[in-house]
Structures are given as C-alpha cells and as structure tokens.
Amino acid sequence: MKAGSNLEKVFASGGFAVTGELGPPKGNDGEVVKKKAAMLKGFVDAVNITDNQTAVVRMSSIAAATIALQAGIEPIMQMVCRDRNRIAMQSDLLGATAFGLKNILCLSGDHQSFGNQPGAKNVYDIDSMQLISTVKRMRDEKKLLNSDDVLEGEVKMFIGAAENPFAEPFEYRAYRLKKKVEAGVDFIQTQCIYDMKIFREWMKVVCDLGLNEKCYIMAGVTPLKSAGMTKYMASKVPGIIIPQEIIDRMSAAPKDKAAEEGIKICCEQIQELREIKGVAGIHLMAIEWEHRSGEIIEKAGLLPRPKID
Amino acid sequence: MIIADRKPIDDIKNMLSPYKKILLVGCGTCVSVCMTGGEKEVGILASELRIISELEKKGWEISEDTIQRQCDREYIEPLSEKFEAADIIMSLACGVGIQYMAEVFPRHMVLPAINTTFYGTTVSEGEWQERCAGCGDCVLHLTMGICPVARCSKGLYNGPCGGTDKGKCEISSDLDCAWYMIYNRMKDLGKLDMIGTFIPPRSWKASLNGGPRKRVREDLKK
C-alpha cells in the first residue's frame with residue numbers, strides 16, 4: 001500500500017471503484033459539507049473535494065476535506081497549481097496528511113478569468129505534472145523539492161490526476177497520460193465522457209501502452225440535467241464533446257422528465273464503460289447534484305460498495 | 001521589441017494638470033516601431049494636449065523632442081537644457097526609458113504617457129503579439145521555438161492542459177493554444193518523441209522572483 005486509503009484498497013482488492021464529487025460551499029458553514037457528505041456516504045469509495053473550481057472562491061479544499069473525513073466519508077483533496085507556489089503546496093500536503101487525508105488529485109486548475117476574481121495573479125510555479133512528481137518525491141523519498149533533507153514523518157498520499165481524452169490533439173492524450181504515469185500518478189479520473197467512440201479509441205491506446213497496468217483509470221461521467229445544460233456544455237465548455245444523439249435525446253425529453261432522461265443516459269454510459277478493458281472505476285461528477293448521486297449509483301448497479309479494513 | 005500602449009488621454013490629462021511647461025519626450029527605438037511613442041506619436045499627443053489646453057484653459061506650453069534611445073545616457077544628457085526649461089517631463093518610452101531619464105536627471109520628475117506591455121513582434125499591420133517573458137531560463141530548445149511561459153495562459157511546462165479547444169486556449173477563442181502549436185510543430189518536424197520528456201520544476205531565481213536582475217561582465221568593466 002502506498003497510502004492505505006480506502007480508494008487504494010478497493011482498487012487493490014480488484015474492486016470496481018466509485019468516486020463522487022463534493023463542492024465546498026461559497027461560505028464557511030461546515031454543516032453544508034457534512035450534509036453533502038451524508039448524502040454520498042455509503043454510495044462512493046471516496047469523494048473529490050474540489051479546490052476553488054471554475055476559479056470561484058469557496059471554502060478551501062483542505063478544510064472541507066477534513067470536515068468530510070470527520071463526517072465519515074473518505075475525501076480526495078483536489079489541489080490546483082493556479083493558487084499556490086511550491087512552498088504553500090508542500091506545506092498544505094504536510095497539513096493535509098496530518099489531518100489524515102490520504103488521497104490527492106493534482107490539477108492545473110481552471111484559469112482565473114472564468115471565476116469571480118478575474119483580476120487575480122495566477123501562480124503556476126509548478127504545473128500539474130510537476131506537482132505529481134513533487135508529491136511522489138515527498139511520499140517515496142521523504143524529500144521536499146530542491147532539498148535532500150529527509151522529511152520528518154510520512155506523507156502517505158494516493159496520487160491522482162485528471163486526463164481529458166476529448167481535448168486536442170486527441171492522438172497525444174494517451175501519451176500525455178503516460179507522462180503522468182512516469183511522473184508518479186496512481187489513479188486517473190477522466191473528463192466527463194459522452195462520446196464513447198473517442199473514449200474507446202483513447203482507452204485502446206492507453207491499454208496498448210500498458211498504462212492500465214500502471215495506474216487505475218476511472219471513467220468520468222456527469223448526468224445531464226436538462227436540454228439547456230446539454231447544449232451549453234456541448235457548445236461552450238472547452239474539452240467536452242457531446243454527440244448529437246445525446247443532445248437529441250435530451251431535447252426530446254419533456255422538460256419535467258429531462259433530469260430522469262439524463263440519469264438514464266448516465267446509467268447506460270456507466271454500463272457501457274464497465275465493459276471497456278482497462279476501466280477500473282467510475283468517477284461521478286454530479287455537479288451540485290450530490291443528493292441524486294446515490295440514486296444514480298444504485299440504478300447503475302454499483303451497490304453495495306465494498307467494505308475493506 | 002518592447003511593445004507598449006498609450007495611456008488613455010484622461011489619465012494623461014490628470015497627470016499633467018498641476019503643471020504648465022510640459023516637455024514630451026519620445027523614443028526612437030521599440031516604441032517607435034510599435035507606433036506608440038516615436039516622433040510621430042509625440043506630435044499627435046502634443047496636438048491633443050494643445051487642443052485640450054485651448055478648450056479647457058489649461059495654459060499648457062507643450063514642447064516636444066524625440067531621442068534615439070531613452071535607455072542610453074549619451075542620448076539623454078543632451079536634453080539637459082530642455083529639462084531645465086520645463087516644469088514636468090512626460091516620456092513616451094517604455095518603463096526602462098522613463099526610469100532612466102529620471103535617473104539621469106534626478107531633480108526632475110518624469111511621468112509615463114504609455115503602459116509598457118510585453119516583448120513581442122508585429123504579426124501583421126496593426127497587430128502585435130507577445131513572444132517572450134524574459135524569464136531568464138530559456139526552454140525554446142525543448143518546445144520547438146514556441147515559448148510556454150509567455151504564450152500558454154497557465155505558463156505550463158508540460159502541456160497541453162485539458163482546456164485546449166480546437167487548437168485554441170480555453171480562455172479565449174482568439175488565442176492559439178501554445179502547447180497545441182508545440183505539439184504540431186514537433187509532429188511536422190518529426191520530433192514527436194520530445195513531447196514525452198518530462199520538464200521538471202524550474203528555479204524562478206533567474207526570473208523577477210530572484211529580485212531585480214543585473215548582468216555583469218567583468219571583462220568589460222573599467
């Protein structure tokens with residue numbers, strides 16, 4: 001075991017893992033995190049705690065992850081390279097592990113121009129690939145960046161990252177994953193998948209490169225809530241491809257039944273993804289839909305979640 | 001070259017309000033080429049200010065000069081008499097020129113008429129683009145001559161990120177994704193193996209983060 005997190009144990013036992021997503025509040029009410037954690041408890045093996053996603057200021061990932069852990073659910077602390085330099089990141093890693101956090105997801109971060117602080121100066125002292133290698137160095141060599149002094153204590157982190165099979169250049173994306181694997185990533189969550197053809201092609205190269213043997217690949221899914229959301233994501237969100245067939249299905253559904261149709265599509269996708277070689281789990285990104293995540297996971301036949309000590 | 005934009009006329013007007021005898025000084029190098037602070041632009045600003053002075057009864061006396069380089073003492077010193085005759089100096093040079101004029105004439109205040117923006121090039125008539133960030137540790141040999149520090153919105157060393165959209169950056173459809181260009185150039189030149197090379201965290205000491213930079217060549221020092 002590298003970190004001994006529940007997520008790592010589920011993978012190691014050969015289980016098909018399920019992770020969810022919990023967005024911290026735009027305020028400091030810890031009860032919000034606890035409520036969301038309660039909705040997801042028992043339905044996921046671990047839950048991503050986003051780090052100021054879309055560059056909107058929210059409760060910090062490290063604090064919300066700690067509250068979630070205390071509420072009895074295993075967090076995956078997201079960490080973006082946009083807001084902190086290497087001093088702050090390494091310091092936060094020491095703090096996070098002191099709080100008992102055992103999973104991290106290393107991300108570049110959405111550009112600040114998307115959020116509520118568009119005039120902010122971004123940091124990017126290191127990028128997500130370099131962050132992966134930094135965490136690995138702290139964990140495996142017990143050393144900080146640019147220092148040969150041995151760290152006190154152990155930084156047990158199961159290291160995750162994201163990869164987007166739907167961003168250009170498509171033919172490079174599997175090789176970029178290879179680079180992340182070489183940097184030290186243990187698991188990957190993909191961008192939301194709607195286009196199975198592109199995903200299958202990506203996954204085939206991933207398996208041909210043997211990357212599914214070196215890290216666990218979780219297929220990302222996001223249930224569509226309405227025809228409007230579908231069209232918006234298809235046309236406005238960079239790096240998301242939604243096939244016309246899905247847009248048509250969401251558009252054809254009556255307004256009050258659109259959410260059900262979205263959940264139905266999502267469950268079908270999960271079934272299809274489970275059959276694809278190399279897929280080790282599902283990452284359900286039900287944005288501000290924590291209350292429906294359990295229902296989706298249940299309908300997709302992913303319950304009960306394994307209990308491992 | 002150094003690219004700059006002229007400040008809005010209201011900002012310039014406000015800066016000059018307390019003064020009467022105004023000397024505008026242009027620079028014949030970069031800002032001249034990017035058509036912001038050369039002789040011609042000094043003339044245009046002088047005309048604008050004379051009209052404002054007339055309309056708003058400012059009583060400004062505007063004189064103009066443009067020197068070869070404001071970043072070189074030998075071109076600045078001959079302005080001595082003109083500096084003495086003015087209440088205020090307004091420079092249309094880059095930030096280096098503005099500061100260096102004030103350094104050469106420490107008893108005078110030099111105001112900026114322009115905002116220095118970036119190191120770039122003229123890509124077509126009327127359009128300039130950034131190419132270099134002056135970061136002090138060039139990696140262009142690893143990135144096919146396309147700078148990820150100056151041209152990737154996140155300054156990523158191991159891109160492209162997941163936000164590449166049809167070859168454009170996630171922040172704007174007007175902006176080419178630097179890493180998409182790097183990838184394609186590697187592909188075109190048969191160097192695709194290069195993109196697999198992990199670029200480790202760099203030291204930013206060579207950049208502004210190491211404090212103001214200076215370069216010393218002992219062999220040239222007197």
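How many disulfides does a search of the whole structure find over all chains? I ran that search and got zero. I note at the start that this is a predicted model.

**Entry 1: cysteines of chain B**

A disulfide needs the two sulfur atoms within 2.5 Å. Next I looked up Cys169(B). Cys169(B) is in no disulfide either, since the nearest cysteine sulfur belongs to Cys177(B), 6.7 Å away. I then checked how much of each residue can be reached. Cys152(B) has a relative accessible area of 15%, so I put it down as buried. Cys169(B) is at 14% and counts as buried too.

**Entry 2: where chain A meets chain B**

How many residues does the contact take from chain B and from chain A? I found 28 from chain B and 29 from chain A. Between them the two chains bury about 2,400 Å². Of that area, 53% is on carbon and sulfur atoms.

I looked for charged pairs across this interface. The rule finds one salt bridge there. Glu171(A) forms a salt bridge with Lys187(B), and their closest N and O atoms are 2.9 Å apart. I also noted 22 residue pairs in polar contact between the two chains.

One residue gave me a close view of the meeting place. Pro169(A) sits in the loop between strand 5 (158–163) and helix 6 of chain A. Setting aside residues up to four places away in sequence, Pro169(A) touches Pro160(B), Tyr180(B) and Tyr183(B). Is Pro169(A) buried or exposed? Its relative accessible area is 4%, so it is buried. I also took a distance along chain A. Pro169(A) and Glu298(A) are 129 residues apart along the chain, and their C-alpha atoms are separated by 36 Å.

**Entry 3: salt bridges within the chains**

Side chains of opposite charge can pair when their charged atoms come close. I counted 42 salt bridges over all chains by the rule.

I then looked at Lys156(A). It forms a salt bridge with Glu154(A), with closest N and O atoms 3.4 Å apart. Lys156(A) is at 33% relative accessibility, so I wrote it down as partly exposed.

Lys154(B) is buried at 7%, and Glu170(B) is buried at 14%.

**Entry 4: a buried serine**

Where is Ser61(A) placed? I found Ser61(A) in helix 3 (residues 61–70) of chain A. Its relative accessibility is 1%, so it counts as buried. Leaving aside neighbours within four places in sequence, its contacts are Ile49(A), Thr50(A), Asp51(A), Met77(A) and Gln78(A).

I noted two cis peptide bonds. Leu303(A) and Pro304(A) are joined by one, with omega about -5°. Pro304(A) lies in the segment after helix 12 (290–299) of chain A. Gly159(B) and Pro160(B) are joined by another, with omega about 0°. Pro160(B) is in the loop between helix 7 and strand 8 of chain B.

Lys166(B) is found in that loop as well, between helix 7 and strand 8. Its phi is near 50°, a positive value in a residue other than glycine. With a relative accessible area of 65%, Lys166(B) is exposed.

Lys142(A) has a positive phi too, near 55°. I placed Lys142(A) in the loop between helix 5 and strand 5 of chain A. At 27% relative accessibility, Lys142(A) counts as partly exposed.

How values were computed. Residues numbered from 1 in each chain as written. Chains lettered and ligands numbered in written order. Predicted model: local features only at pLDDT ≥ 70, side-chain atom pairs only at ≥ 80, totals over all residues. Heavy atoms only, no water. Buried < 20%, exposed > 50% of the residue type's maximum accessible area, 1.4 Å probe, protein only. Contact = heavy atoms within 4.5 Å. Buried area = accessible area lost by both parts, 1.4 Å probe. Salt bridge = Lys/Arg side-chain N within 4 Å of Asp/Glu carboxyl O. Polar contact = N/O pair within 3.5 Å; in protein donor to acceptor, adjacent residues only side chain to side chain. Helix = DSSP H or I, 4+ residues; strand = E, 2+ residues; numbered from the N terminus.
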